[in-house]
Amino acid sequence: MSMRDVKLCLLGDSGVGKSSLVMRFVTDSFKPALESTIGASFMTKTVEVDGNTYKFQIWDTAGQEKYRALAPMYYRGAAAAIIAYDVTRESSFKSVKSWVQELRHQGHPNIVLAIAGNKCDLEDLREVRLKDAEDYAKQIDALFCETSALTAVNVADIFTKICKKLPSEDFSSSRVGSTVNLRKKRDVKKEKKCCGGSPS
Amino acid sequence: DFTDSVDSLQQQLGISDGVEMPVGNKPVTARETFVRHYMNEREDEFTNIHPLKIFCGTWNVNGQSPSEPLNEWLCYDEDPPDIYALGFQELDLSNQAYIFSESTKDVEWQKAVRNYLHPGARYRKIKSVRLVGVLLIVFIQEKHIPFVNRNFIDTDSVATGIMGIMGNKGGVSVRLTLHNTSLCFINSHLAAHQEEYERRNQDYRDIESKTKFKQFLPPLNINEHDMIFWIGDLNYRISNLGINDVKKYADEGLYGKMLPHDQLSSQLGKSDVFRGYCEGPITFTPTYRYDTGTNNWDSSEKKRIPAWCDRVLFKGNGINQLRYNSHQTLCVSDHKPVSALHQCNIRVIDQTKYKKVYEEIMKKLDKIENEYLPQVKLSCTEFSFKDVKFIEPRSDKLVVSNIGQAPVTIEFIKKLDDSDICKPWLQVTPSKAVLKPDEILNIQIDIYVEKASAAKLNSKDDTLDDILVLHLHGVPVTGNYLPSSFGSSIEALIQMHGPIRELDIPKLVEIVNNFDVTFTGGRLYMVPKEIFRMVNHIHLHGLKEESLFQQPGLNSEIQQIRECLDTGIPETLPGSIHSVAESLLLFLEALPESVIPSIAYYKCLDTSNNYLLNFHRNVFKYLCAFLRELLKYSEDNNLDVKFLASMFGEVFLRPPKPLTDPRLKSDAHAKQARRMEDDKRAAFIYHFLTNEYDD
């Protein structure tokens with residue numbers, strides 16, 4: 001079994017359900033009223049796909065505008081990013097596009113992008129059409145799923161899709177270089193939350 | 001042709017010969033270590049036991065070529081063994097074979113062994129590894145090949161000669177994983193001579209602690225294997241029995257009378273030597289020392305007392321020794337070969353059950369990891385100060401409590417591309433702290449706008465807002481390292497007039513960091529007094545010492561010598577000349593910048609001009625003069641110029657970067673390049689050992 005560490009960053013507007021997606025994926029649970037994330041929080045989850053083991057190091061960032069400037073600290077060096085929006089909020093889908101722009105400029109050139117339209121269980125309140133989001137994702141060559149952290153629909157799938165899309169040559173090179181990388185990551189691994197206080 | 005030369009280079013380096021199974025890189029992460037641990041715990045749930053037979057054979061061949069059939073040794077059993085692990089010692093005794101020449105004996109014995117493997121099965125070689133005269137070959141029945149993970153085959157060798165350079169004694173090892181059982185074979189040739197059992201014990205400890213299978217990250221140790229077989233000419237003798245008694249008991253088969261006097265059996269299980277290893281009952285006559293070509297005890301004038309030098313030890317669960325004996329009909333050497341057959345419970349994996357357990361463990365590990373992530377609670381996540389005025393300090397308090405299960409380091413860190421953790425008008429104290437679980441810390445947050453920031457704030461080029469990023473880490477591990485002259489630079493050492501430990505730390509830091517020695521004004525030593533003391537000691541007491549720089553020192557004495565150099569107590573260096581000689585080499589090796597600085601390394605390889613920096617030149621001149629002096633007494637100390645050139649070439653000249661990446665171990669080109677560099681280094685030093693140094 002070969003093990004690969006995958007640094008993944010979750011981005012998206014405040015309240016779209018990033019932390020809930022992480023919680024569903026990592027602990028397979030759901031809490032209706034999670035506190036707003038401060039700075040960023042960290043969790044790990046290991047999955048097996050096609051006989052390979054992938055260990056996700058998930059950085060769940062705060063969506064609130066005041067933390068936006070911190071996002072590069074978390075997506076730089078990330079192998080994958082999930083940009084989440086809320087299917088019941090058109091404005092959150094617009095933000096996806098600006099995240100994509102930013103990642104294309106500042107992120108790793110080979111970063112695997114995935115777009116998650118969360119809260120797809122709320123069909124009645126839908127503001128973003130499935131087709132529109134799908135087309136957009138295809139156009140920018142990103143993975144796409146509509147997800148529900150509440151019902152667990154497609155949550156694990158989006159991570160599996162990411163594993164499959166990770167550049168395969170990375171596997172060998174990351175193995176060769178992992179003496180260095182792993183040690184570095186071991187330090188990072190233990191960090192969970194970052195906070196910001198902004199005197200104004 | 002090219003392939004031949006690569007093969008012979010590999011053989012010279014004693015690393016491997018004709019790789020029959022490719023080796024891949026397989027780093028093991030910390031997590032994989034845990035996975036392995038938990039999988040091991042639940043192994044019974046997903047494995048079935050298959051008993052396989054492992055044959056271990058050892059023979060000190062005394063530099064002879066194979067000239068008699070080996071079936072008496074290798075085909076002793078009716079059924080073909082599943083695995084053969086064959087260890088040879090003294091494969092090549094030719095003078096100085098250990099440094100310069102290659103071995104044709106290796107090829108001869110490999111071929112001979114292949115011809116006499118059990119005809120009842122087909123075998124493939126897993127790997128062989130040779131260190132000068134110590135060779136280990138491991139074969140496995142072809143039918144098992146699919147169950148040997150190629151990525152997990154690895155070898156290592158540890159020389160126990162002086163500084164690990166000599167390699168006439170030492171240990172070589174091969175490890176593999178068969179189905180779900182990890183196997184490790186070690187073949188060692190430990191120090192000789194009746195009285196040297198303490199030296200043998202140390203050789204064992206060195207091999208045991210230095211053997212690392214570097215294919216794995218972190219490297220695997222010998223003890224991390226399910227089944228370990230340690231074979232070889234361990235050289236333990238029979239003490240406190242006269243030669244005539246030993247011969248009489250041996251000839252009458254009264255082994256029970258001799259065994260209590262056997263240096264190894266009397267220690268096995270009672271000391272740290274070969275801890276945990278078992279040996280089957282010895283029911284065969286001593287395997288050493290015979291007149292070559294006969295079954296007669298040594299009749300030479302040295303009159304060696306017969307001994308069970310050649311042994312097979314094993315360690316691990318599920319090993320059942322079926323037989324253990326010598327093979328008296330083989331007479332080509334002054335030792336008899338020994339072999340043992342073991343029935344070993346190899347664990348075979350049930351894939352479906354395996355996968356289920358593996359997934360459960362992954363889940364469990366994630367859970368543990370996530371639960372133990374550091375967590376803190378903050379009293380406030382946003383601070384807002386109303387109407388901040390010029391040079392009017394304002395402050396507030398942030399309370400951080402560790403609500404996680406482990407100690408945590410909290411630290412305010414710089415944001416990307418920023419040079420400071422916050423803007424100049426803001427200050428946080430402390431900016432870093434360690435909190436035990438449930439511990440609470442008050443952090444003071446101060447705002448103070450003074451002239452440096454005021455202008456920008458007035459002009460609205462800056463605003464009074466900032467984000468502080470608080471990072472959480474696990475807890476750092478710290479220790480207290482006592483400064484040592486070993487590992488200090490020449491530049492620092494020549495400034496130190498007293499022993500290094502007598503300096504107070506700030507002074508030491510100043511000396512170590514102040515490379516510009518011309519400005520210190522103090523009196524400088526021509527060469528570091530530590531080097532002077534060791535050289536002077538050898539000069540006074542050891543010029544005519546036999547095997548100088550060839551016989552290793554004792555670790556305990558080297559530690560005493562280090563203490564003496566670092567503290568100045570006692571006044572004269574303790575320990576034997578050999579320990580002082582090895583300390584000198586260790587000292588030179590530990591210099592942060594080698595005697596010939598690395599910037600001059602390649603220039604030196606190409607030419608023999610002097611490119612040396614001042615202080616390094618002094619040390620180099622001094623040491624070369626000393627080595628030339630030593631060579632005047634070569635009849636007594638058996639040093640020769642080639643040997644010294646090669647040995648000191650290695651410590652004087654160290655390349656700017658490691659010569660080759662260890663991961664390129666199997667790359668023949670890299671090895672060839674390294675070999676050529678070694679020769680050039682020796683040639684460079686050779687020049688200075690045969691000519692007076694001339695500025």
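This is a predicted model: local features need pLDDT of at least 70, side-chain atom pairs count only at pLDDT 80 or more; totals for chains, interfaces and linings use all residues.
Buried means under 20% relative accessible area, exposed means over 50%, and partly exposed covers what lies in between, using a 1.4 Å probe and protein chains only. Residues are numbered from 1 along each chain as its sequence is written, chains are lettered from A and ligands numbered from 1 in the order in which they are written, and side-chain values use heavy atoms, with hydrogens and water left out.

Some backbone angles deserve a look to begin with. Most residues other than glycine have a negative phi, and most peptide bonds are trans. Asn235(B) sits in the loop between β8 (227-233) and α7 (243-252) of chain B; helices (H or I, at least four residues) and strands (E, at least two) are DSSP runs, numbered from the N terminus. Asp438(B), also not a glycine, has a positive phi near 70°. The loop that holds Asp438(B) runs between β16 (432-435) and β17 (440-447) of chain B, and Asp438(B) is exposed, with a relative accessible area of 67%.

Cis peptide bonds turn up in chain B as well. One joins Tyr288(B) and Arg289(B), with omega at about 0°, and Arg289(B) belongs to the loop between α8 (255-258) and β9 (310-315) of chain B. Another joins Ile569(B) and Pro570(B), with omega at about -5°. Pro570(B) is part of the loop between α14 (555-567) and α15 (577-590) of chain B.

Over in chain A, strand β4 (residues 80-86) is a well-wrapped piece: 7 of its 7 residues are buried, so the strand is largely enclosed by the rest of the structure. In a regular strand the side chains alternate between the two faces of the sheet. Here both faces of β4(A) are covered, with Ala80(A), Ile82(A), Ala84(A) and Asp86(A) buried on one side and Ala81(A), Ile83(A) and Tyr85(A) buried on the other. Two strands pair if DSSP finds at least two bridges between them. Strand β1 (residues 3-12) of chain A pairs with β4(A) in the parallel sense over 5 bridges, and Gly12(A) stands opposite Ala84(A). β4(A) also pairs in the parallel sense with strand β5 (residues 112-118) of chain A, over 7 bridges; there, Tyr85(A) has Gly117(A) as its bridge partner.

The structure holds 38 of them over all chains. Asp86(A) forms one with Arg89(A), the closest N and O atoms being 3.8 Å apart. Asp86(A) is buried, with a relative accessible area of 3%, whereas Arg89(A) is partly exposed at 27%.

In chain B, Lys53(B) and Asp79(B) meet in a salt bridge of 3.5 Å, N to O. Lys53(B) lies in strand β1 (residues 47-60) and Asp79(B) in the loop between α4 (71-74) and β2 (83-89) of chain B, so the pair ties together parts that are 26 residues apart in sequence. Lys53(B) is partly exposed at 23%, and Asp79(B) is partly exposed at 42%. Glu198(B) and Arg205(B) meet in a salt bridge too, at 3.8 Å, N to O. Salt bridges that share partners also join Arg42(B), Glu45(B), Lys356(B) and Glu360(B) into one network.

Finally, there is helix α9 (residues 351-371) of chain B. The expected span of a helix is 1.5 Å times one less than its number of residues. For the 21 residues of α9(B) this gives 30 Å, and the end C-alpha atoms are 30 Å apart, which agrees. An α-helix has 3.6 residues a turn, so residues three or four places apart point the same way. The buried residues of α9(B) include Tyr354(B), Val357(B), Tyr358(B), Ile361(B), Met362(B) and Leu365(B).

Key
A salt bridge is a side-chain nitrogen of Lys or Arg within 4 Å of a carboxyl oxygen of Asp or Glu.
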